[in-house]
Amino acid sequence: MISVIKEIYSRRSLLAELIIKDLKVRYSIPALGFFWAFLSPFLMAGVFYIVFIQILKVQIEEAPFFLYLMSAVFPWSFFQNSIMGSVTSLVDNRNIVREANFPHYLIPVSVVLANAVIFLPSLLILIIISACVLKGLPFIFLFFPLIFILHLVITAGLAVLFSVLYVRWRDLKYLLEVILILLLYLTPAFYSLSLIKASFSPALFNVYIYNPFVGILNLYRIALLKGFYAQLPDYATSVVLLFQPLIFAVIILIISTVVYLRAKNKINDYLAY
Amino acid sequence: MKGVGKKYPRVKNTNGAFNDFWPLEGIFLSVKKGEIIGIIGRNGAGKTTLLNIIAGVVAPTKGEICINGRIKGLFNLGAGFQDELSGRENIFLNGAILGETKEELKDKLAAIIEFSELGEFIDMPLGTYSQGMRLRLGFSIVANLNFDILVIDEILAVGDILFQNKCFEKITDFKRQGKTLIITNQSAELVARLCDKAVLLDHGKLLFAGDVKEAVEKYRALLNKEQFFVGPAKASAALVEDTKKWADDRPNWGKILGTKEVVLEKVSFLGRYGRHSSAVKSGKRLRINVHFKARNNLKEPHFGVAIFRNDGVYCYGPNTAFDGYKMSRIQPGSGQFSLEYDKILLAPGGYRVSVAIWDKGETLPFIHHYAYYNLTVAGYKNINNELINIPFRFRPRHNFFGFSFFGKKFIPDLSVLSDKWGKKIEGINLIIGSFRIANLQNEEKQVFMTGSAVKFTAGLNKLPTGRKSYYCWLGIYRADGILCQGFSGAFCHKDKTIDFIFPRLGLLPGGYKVSVCVWNSKKELLAAHHGVYSFKTVFNKNDHGTVFLEHKWGLNGYE
């Protein structure tokens, strides 16, 4: 693990170049360029506001529903874009992979990091709106960077794992599309936890709450929405919400490292076609 | 860095899960530091796979590779390049992939861009680049980075001759710096020229490793066996007809080509009195002295000096190999050679001189100063842009003394002939009745040996009487229409036959056309047979150019 971190550090200029490449390829040609990273979350927030607040008039106890929704949708779309972008990244960048001998996992990691860079503006918008509407930020906001890094590590770990597997099993991409949609509905993004508690049996609910993304999204909310923590029901303690993702991150990192090391020498053989 | 890069690989590569395919099997190979290794073999022999494995891009299924030092590879053209990014951004991306830090790349950026000669295109998106430009960029990046071992796949073929030359120059530089190179190329000659050792692969098996010559011979044998015929090295035939090729090459004049394993330190021209001068008199002595300094050991070199007319017509290019000298090697250090023409039989005008030291097969010169030096030939006014100035005797039959009465050289205006090529125009009271090309024994012939004596005889009919003088003009053209020389003399009405006698017609092998025209003293054209007659020349040795000039090499101290 430490050697991997060392390796990433020693090839940091390559990682930087790959991220820059990703962003440049994405934003150098549109007329508005990187401004889209600010514009599209704004537009998305506008659409959600009109649909859920003005038309459907949905309300929940924990927080204003609009903020509740946004604080889940933005991190989720970062997660989804990263995974879907990185799963094909080794194959898409096969001409780079076949050019030289370098740590190949840097490519999916760079896709995740590039998506993180794009995610930052929407996060900023979210923080500002939340601070304005709820008149301030919670105390836990100070730990927000740690939460963000945790999310990043899980995403990067999954990205490396999936991208390596995809080189061998190209069905993975289609499978993932379905799984990600399912996972989104298994996470309290559009509904509150109490709703689930009410409709699921206790056993089923325990299974449900062990989904690490329940924890991740709620950690985002705890850190961003003032007063959200107090509203949390006692069956969803912060301990459960925090340790669930933490353990998951460690497991994912170990699995992806093992899979990568085993597949490393074969990646190039399968990339030929 | 370290001494020896060694590999003892035994290599397998699975391709697909269902059928195991072994592009390479059981290869054992060791490479020493500072060697250039050429890998040859047919398409699909496993060359690229081997290079990939050596560079660490592909892992061997079986066996292992031991490498001391940093290794860099240059494989598929434009691989690792992003079409959306500009050339400059690609330098950073590609360099980072090859393991360089941004700071190092910033230092080398100027050198890379300069070497690639891409100029302002460096800031254009790579998608707009041609294959050749991609190659330039790719090679420039790799060549300017730090490495101990460089692996280059068969891609240099895309570059133009000049860039290839630059690459080969760089490659020999690397060798001098003690770096190890492993290259593949389809051209066996090139491999033989550049490499210290060659490896012949076929169907994934190592057939031969070792001496380059032997490997190339085995490769040729292999190709011939499989019913692909690879002919012998192209003979230097039909140069006379290749005017366009040489003329089209003029933009490259003045360039210094080759691997530059030897430097020409001084090239000087000496005129008839032994004075240094870049202007010599037509028909007089010319001596060319060349001082050089060899940086490497040159295997089987030969010297060449070529003269071009300013418009690209190849006049004469003798070399020591054609003239039968054999040199086994030149040791590093200073040396010199000279070439002396007793009579420089070129028509007055501007010329350019190439000086080269070639390798055995003339695949890639050690040094080639291509049409680098200016040479002016002075003499009479060369109005009709003639190429050569061969001595001849003009002999109207009537004239007992065998030379012209009117010593003045008659130079007709040839523009009136411009639309009459291949036509016979007869005058009202003058007809060119007959024309013979014969040797001095008066035997009519079509083919002459270069340098043999030739007599052209024109028979005139219906010549008007009266005390008037006429001029007969004989033009010898190359088959492609380049005027070699016009020969003229005056005669009077009593002369019914006129001879032009060339004691030594030193025209190099090729087809030639002859025009014969008669003019009066007011320079009006009376009759013309323009480009109607033809003859050929053959020669018992190889030589380049149009005209054979007697010459002597000064090669003191070479075996």
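Colleague: Start with chain A. What share of its contacts with a separation of 6 or more comes from residues 24 or more positions apart?
Modeller: 80% of them. Keep in mind that this is a predicted model.

Colleague: Which elements does chain A have, helices or strands?
Modeller: 14 helices and zero strands.

Colleague: How much of chain A is buried?
Modeller: 36% of its 273 residues.

Colleague: Now the interface. How many residues of chain B are in contact with chain A?
Modeller: 25 residues of chain B, in contact with 17 of chain A. On the chain B side, helix H2 (residues 87-97) gives the most, with five residues.

Colleague: How does that side of chain B divide by residue type?
Modeller: Twelve nonpolar, ten polar and three charged.

Colleague: Switching to H3 in chain B. Where is the kink centred?
Modeller: On Lys108(B). The kink in helix H3 (residues 102-116) is about 50 degrees.

Colleague: Which residues of H3(B) are buried?
Modeller: Leu105(B), Ile112(B), Ile113(B), Phe115(B) and Ser116(B). They pack against H2 and helix H4 (131-144) of chain B.

Colleague: And just after H3(B), what does Glu117(B) do?
Modeller: Glu117(B) takes a positive phi, about 55 degrees.

Colleague: On to the six-strand sheet in chain B. What is the strand order?
Modeller: S5-S6-S7-S3-S8-S9. The sheet is open, and the pairing is mixed.

Colleague: Why do S5 and S9 of chain B each have one side without a neighbour in the sheet?
Modeller: Strand S5 (71-74) and strand S9 (205-210) of chain B stand at the edges with a single partner strand each, so one side of each has no neighbour in the sheet.

Colleague: How are neighbouring strands turned against each other?
Modeller: By 15 degrees on average, direction ignored.

Colleague: In which sense do S6 and S7 of chain B pair, parallel or antiparallel?
Modeller: Parallel, over four bridges. Val151(B) stands opposite Ile182(B) in S7(B).

Colleague: What does helix H1 of chain B touch on the sheet?
Modeller: S3, S5, S6, S7 and S8 of chain B. The direction of H1 (residues 47-55) makes about 155 degrees with that of S7(B).

Colleague: Back to Ile182(B). What is it in contact with, leaving aside neighbours within four places in sequence?
Modeller: Val31(B), Ile37(B), Ile39(B), Leu51(B), Ile54(B) and Val151(B).

Colleague: Which residues touch the most other members of the largest nonpolar core?
Modeller: Ala159(A), Val151(B), Ile182(B), Val191(B) and Ala198(B), out of 128 residues. Apart from that core lies another, of 81 residues, including Val355(B) and Phe366(B).

Methods:
Residues are numbered from 1 along each chain as its sequence is written. Chains are lettered from A and ligands numbered from 1 in the order in which they are written. This is a predicted model: local features need pLDDT of at least 70, side-chain atom pairs count only at pLDDT 80 or more; totals for chains, interfaces and linings use all residues. A nonpolar core is a set of buried Ala, Val, Leu, Ile, Met, Phe, Trp, Tyr and Cys residues joined through C-beta atoms within 7 Å. A residue is buried if 20 or more other C-beta atoms lie within 10 Å of its own, exposed if 12 or fewer, and partly exposed in between; C-beta atoms are placed from the backbone. Two residues are in contact if their C-beta atoms, placed from the backbone, lie within 7 Å. Helices (H or I, at least four residues) and strands (E, at least two) are DSSP runs, numbered from the N terminus. Ala, Val, Leu, Ile, Met, Phe, Trp, Tyr, Cys and Pro count as nonpolar, Asp, Glu, Lys and Arg as charged, and the others, Gly among them, as polar. The bend at a residue is the angle between axes fitted to the seven residues ending there and the seven starting there. Two strands pair if DSSP finds at least two bridges between them. Axes are lines fitted to C-alpha atoms, for helices over the stretch in contact, and angles run from 0 to 180 degrees between N-to-C directions.
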